[in-house]
Amino acid sequence: LAARQQTDVVTGDAAFSICQRLSGKVFPLEDYVDRDYSDQLQAPGMSADLHNSLVVISRLDVTNNSEFAVMRRILTLDPQGRRIHYYKARNFNADLFARDNVILLGNGLSNPWEQAFRDRMNFVVNVDVFNSATNRAPAPGEQKFYASTLDTKYGVLAYLPLPDHQGKVLFLDGTGAESVEAEGDFVLSERQLSNFQKKLHVEKLPYFEVLLRITVVRGTPLESTIVAYRTYPNLH
């Protein structure tokens, strides 16, 4: 927040996520931006009633409660609204990546703006198997896949540079709504960030990725634990 750039907080589009899950299709960012995906929701064997319902859902402007709560907490860091600005995924535009810092809340199904960065990341939440996370290059003792259960979720928290300018992007991605809420607790906690910094033995946090395991009880995140992490001190 001390940077010269403004910071944009972008929440996901819950209606877009629902449409993809029910249609069995995953749409690229280009189709989302152009709103072309609503014309492609028909799947083989899909009933006319379901198709019509998906078209109606695609027009809804819905934000996940957990993402909205995290966004509200981030906005309180700038009470006068001079440095941090809020966007819903459907109102955000690519030009803002060229000038601002960006915080993306949600997952690959709900927030398609994440798609441009997924190939650069080691830990990714699977959009086709939504209840799991993949570790693309496991270190000794790490797993390749981490599957969620009713009482255990996973979240990917990543802090990376934006290409082509001095801005930064912060991801709060996960296998469930509870994941984003827990990641918000982690990144807004001086204690947890300080403990992570001590683990790295650094004076200033480098760019990083963290895979969190989140203990959940009745939909409420209780505790998050660092399962694995990567740091990129030489990334610019």
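**Sheet and helix packing in the predicted model**

Leu104 stands opposite Phe171 in strand 8. Strand 8 (residues 168-174) runs parallel to strand 3 (residues 101-105), and 4 bridges join the two; strands are taken to pair if DSSP finds at least two bridges between them. The structure is a predicted model, in which local features need pLDDT of at least 70, side-chain atom pairs count only at pLDDT 80 or more, and totals for chains, interfaces and linings use all residues. Residues are numbered from 1 along each chain as its sequence is written, and side-chain values use heavy atoms, with hydrogens and water left out. Helices (H or I, at least four residues) and strands (E, at least two) are DSSP runs, numbered from the N terminus.

An open sheet is formed by 7 strands in the order 2-1-3-8-7-9-10, with mixed pairing. Its edge strands, strand 2 (84-88) and strand 10, each pair on one side only. From one strand to the next, the twist averages 15°. Strands of a sheet pair through backbone hydrogen bonds, either parallel or antiparallel.

Strand 1 (7-11) pairs with strand 2 in the parallel sense over 5 bridges, and Tyr86 in strand 2 is the bridge partner of Val9. Strand 1 also pairs with strand 3 in the parallel sense, over 4 bridges; here Thr7 stands opposite Asn101 of strand 3. Strand 1 is mostly covered, 5 of its 5 residues being buried, where buried means under 20% relative accessible area, exposed over 50% and partly exposed in between (1.4 Å probe, protein chains only). In a regular strand the side chains alternate between the two faces of the sheet. In strand 1, Thr7, Val9 and Thr11 point one way, Asp8 and Val10 point the other way, and all are buried.

Helix 4 lies across strand 1, strand 2, strand 3 and strand 8, and runs at about 165° to strand 2. Axes are lines fitted to C-alpha atoms, for helices over the stretch in contact, and angles run from 0 to 180 degrees between N-to-C directions; contact itself means heavy atoms within 4.5 Å. Helix 7 packs on the sheet and touches strand 9 and strand 10, its direction making about 30° with that of strand 10.

Two packed helices are described by the angle between their axes and the distance between the axes. For helix 4 (residues 65-75) and helix 6 (residues 177-187), the angle is about 15° and the axes are 8 Å apart. The two helices are therefore roughly parallel to each other, a term that covers angles under 35 degrees. In their contact, Ser66, Glu67, Val70 and Arg73 of helix 4 meet Ala177, Val180, Glu181, Gly184 and Asp185 of helix 6. By class, this contact has 3 nonpolar, 2 polar and 4 charged residues.

Helix 6 is largely enclosed by the rest of the structure, because 8 of its 11 residues are buried. The buried residues are Glu178, Ser179, Val180, Ala182, Glu183, Gly184, Phe186 and Val187. They pack against helix 4, strand 7 (152-161), strand 8, helix 7 (190-200), strand 9 (207-217) and strand 10 (220-232).

Gln20 counts as buried because its relative accessibility is 2%. Apart from its neighbours within four places in sequence, Gln20 is in contact with Lys25, Val26, Phe27 and Leu109.

How values were computed:
Angles under 35 degrees count as roughly parallel, over 145 as roughly antiparallel, 65 to 115 as roughly perpendicular and the rest as oblique. Ala, Val, Leu, Ile, Met, Phe, Trp, Tyr, Cys and Pro count as nonpolar, Asp, Glu, Lys and Arg as charged, and the others, Gly among them, as polar.
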